[in-house]
Amino acid sequence: MTSRDGFHYKRRDEAYLKPVKERNWWYGECYTAYGLAETKSDIPGAPNEISFYSDENYRVENVNFRRYTVRLDGFFSWNADAKGGSVLTKPFTFKGREMELNFETGAAGYLRITLTDEEGKSIEGYKSGNLFGDAVERKIRFQGDLASLAGKPVRLLFEMKDCDLYAYKFTGEE
């Protein structure tokens, strides 16, 4: 279950936490411990991640806790498979001079961003070109000055192939 405001919840049918090994599922198995913690990655040079803990061997053996990790802002994503897909946001305004993304692509995948007007027509100078890789805070460069669009209604068109887009934000002083 997830909620953005703590009052309205959305329940999803898909499992979020899947077992790491074959085992029997008992009532009470896979309960998560309270809270999330930002922790350093075990991989040198990798960004921090979110850790959470769950019990295992409930009612069978000695109960243990296993640490699971997820990328920062990695609970949900806009996802496109190898066939590709796109997302056009609702109109919004932003503050800032720069845009940062949290995304990952497969080796043959990409993410492309176009800033559009309220009707969805692309704004000249604001196409990112193909982006690929795995980054939590990738700064995106456009030919145009992003600060010149601050405070004006825009939409974002994300075109993706074999890609997960977890988050985007606008940063920097105006």
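A pocket, on a 1 Å grid over the protein atoms alone, is an open set of points where a 1.4 Å probe fits, with protein on both sides within 12 Å along at least five of seven lines; its lining residues have an atom within 4 Å of a point. Its volume is the space filled by probe spheres set on the points, which are joined across faces, edges and corners.

This is a predicted model, where local features need pLDDT of at least 70, side-chain atom pairs count only at pLDDT 80 or more, and totals for chains, interfaces and linings use all residues. Residues are numbered from 1 along each chain as its sequence is written, and side-chain values use heavy atoms, with hydrogens and water left out.

| Pocket | Volume | Lining | Nearest the centre |
|---|---|---|---|
| Largest | about 1,300 Å³ | 26 residues | Met1, Thr2, Arg12, Phe75 and Phe76 |

For the largest pocket, the lining splits into 16 nonpolar, 5 polar and 5 charged residues. Ala, Val, Leu, Ile, Met, Phe, Trp, Tyr, Cys and Pro count as nonpolar, Asp, Glu, Lys and Arg as charged, and the others, Gly among them, as polar. Strand β9 gives that lining its largest share, 4 residues; strands here are DSSP runs of E, at least two residues, numbered from the N terminus.

Most residues other than glycine have a negative phi.
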